[in-house]
Amino acid sequence: MKNNTKFPDGFLWGGAIAADQIEGACFEGGKGLTTSDMFVYNPEADNSNLHTSTMTKEQVLNAINDQEGYYPKRHGIDFYHTYKDDLKYLKEMGFKTFRFSINWGRIFPNGDDAEPNQAGLDFYDQLIDEVIADGMEPIVTMLHYEIPINITLKYGGFNNRKVIDLFTRYGETLLEHFGQKVRYWIVINQINLFHIEPFNSTGICIDQVDNFEEAKFQAIHNQMVASAKIVKKARELDPNIQIGTMLADLTAYPEDSNPDNVILAMHHNQMSYYMTDVQFRGEYPGYILRYFKEHNYDLKITAEDKVVLHENTMDFLAISYYFSQMVDVKKSTDYLATSSNPYLKDNPWGWAIDPKGLYNCISQYWDRYQKPIMIAENGLGMYDKLENDTVNDDYRIEYLREHLQQLSECIADGIDVFAYCAWGPIDLVSSSSQEMEKRYGFVYVDYDNWGQGTGKRYLKKSFSWYKNVIATNGSQL
């Protein structure tokens with residue numbers, strides 16, 4: 001297969017960040033504490049692979065009252081104060097788009113406040129205006145692991161149906177206030193990561209429910225209902241507004257041609273597909289209803305829910321892609337369990353580097369849904385070494401180049417891919433490990449895992465490389 005790396009005219013080249021990982025200013029502008037603010041940095045933690053993040057109510061209360069631990073996401077890289085200067089770097093690279101999240105806790109500090117927080121609205125007005133002034137199309141995520149902690153403590157997270165209305169009201173507030181400026185919206189970041197990031201994704205403490213597994217599925221149902229209501233509001237306000245859903249790609253290969261492994265891989269992949277099946281096709285697929293029945297999960301799905309989901313499907317699919325996975329029944333029949341792939345190399349956190357996996361998964365999504373696709377995240381986290389005021393990150397250039405080559409294969413196949421957002425164009429705090437030193441950016445930020453450093457920004461080698469990629473519309477990788 002010959003690749004001529006052609007991208008369509010008007011392709012949206014850019015990058016993506018999340019408010020909780022970059023803004024800081026946790027106690028400024030009326031912001032309330034959120035789920036992401038509960039994670040303390042632990043240098044002894046094993047961050048060599050994906051892990052499940054759960055919390056008890058006691059742990060949450062301890063985190064709120066802790067005066068000694070360092071909570072990296074409360075500090076970020078101080079983007080709240082430095083965003084104008086930081087956006088200049090993205091403008092210099094020629095970004096056509098910038099994806100960022102609005103922190104629910106800045107708009108409704110408790111999640112159920114009677115009125116939105118004006119200081120929060122003002123901040124994001126200024127940020128959006130600056131993004132647009134710098135020539136970038138804003139892509140805004142409504143929820144990127146920033147659930148007000150009051151939603152957890154008072155309501156038990158998204159398991160509580162009352163939170164459907166609270167989140168819907170938040171989403172409608174954003175559309176009403178920013179809808180004339182923002183065309184592209186992602187309602188919920190990586191909606192399928194509720195097994196790996198259950199606390200961040202759903203706001204449920206593990207000891208708040210009798211059946212945690214059932215509660216997680218109920219929470220995702222409630223999120224999908226709220227998302228559909230937000231779609232309805234968007235279409236009432238302006239039919240040009242585009243609303244998308246987002247998956248973290250977890251596509252798994254069977255370890256070999258053993259039919260049992262093929263079936264296990266299919267079941268593994270269906271656990272992500274079921275959400276987009278609902279959000280694009282408008283109803284629950286039979287395989288997940290069977291799964292609920294066999295596990296005795298009694299989800300509260302009302303007749304009204306079914307109508308709302310059916311009538312308000314999503315406009316586009318956003319994908320975050322970092323790695324591929326593999327499954328083998330000899331090692332585990334658990335659909336979440338994965339094994340290492342001997343044909344691939346891992347990054348220091350155990351993530352298998354697999355550019356062709358991007359071509360594979362995007363092709364599968366397109367064949368399944370025929371909906372426009374955005375690469376909402378893609379990048380390589382590494383330990384970068386600052387030398388002579390730069391980082392020679394050829395490994396990052398190689399990673400991105402190989403993935404963009406595979407993305408151009410998708411486009412050559414006729415797949416409607418309209419945007420590519422490199423993850424973390426400016427170094428930020430890792431979502432999973434709380435590390436600052438797991439770096440993704442084209443711009444190095446001088447902070448360590450404890451928040452120590454000057455905060456000064458330095459351009460990495462990849463900065464000029466990506467600038468040229470954008471300038472040539474991907475013809476020179």
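Me: Angles here run from 0 to 180 degrees between N-to-C directions; in this predicted model, at about what angle does helix 5 run to strand 2?

Reply: Helix 5 covers residues 118–133, and it lies across strand 2 (97–101) as well as strand 3 (137–143). Taken against strand 2, the direction of helix 5 is at about 165°.

Me: In what order do the 8 strands close into a barrel?

Reply: The pairing in this barrel is parallel, and neighbouring strands are turned by 25° against each other on average, with direction ignored. Strand 1 (residues 12–16) is joined to strand 12 (residues 417–423) by 5 bridges, and one of the residues with a partner there is Ala 16, bridged to Trp 423. The barrel order is 1-2-3-4-5-7-11-12.

Me: Is helix 13 roughly parallel or roughly perpendicular to helix 14?

Reply: Helix 13 (residues 355–369) packs on helix 14 (residues 394–412) with the axes 8 Å apart and an angle of about 30° between them. Angles under 35 degrees count as roughly parallel, and therefore the relation of helix 13 to helix 14 is roughly parallel.

Me: How many nonpolar residues does the contact of helix 13 with helix 14 have?

Reply: Helix 13 passes helix 14 in a right-handed crossing, and the contact includes Leu 358 and Ile 362 of helix 13 and Leu 407 of helix 14. By class, this contact has 3 polar residues, 3 charged residues and, for the class asked about, a nonpolar count of 6.

Key
Residues are numbered from 1 along each chain as its sequence is written. This is a predicted model: local features need pLDDT of at least 70, side-chain atom pairs count only at pLDDT 80 or more; totals for chains, interfaces and linings use all residues. Side-chain values use heavy atoms; hydrogens and water are left out. Helices (H or I, at least four residues) and strands (E, at least two) are DSSP runs, numbered from the N terminus. Angles under 35 degrees count as roughly parallel, over 145 as roughly antiparallel, 65 to 115 as roughly perpendicular and the rest as oblique. A crossing is left-handed if the near helix is turned anticlockwise from the far one by less than a right angle, and right-handed if clockwise. Contact means heavy atoms within 4.5 Å. Ala, Val, Leu, Ile, Met, Phe, Trp, Tyr, Cys and Pro count as nonpolar, Asp, Glu, Lys and Arg as charged, and the others, Gly among them, as polar. Two strands pair if DSSP finds at least two bridges between them.
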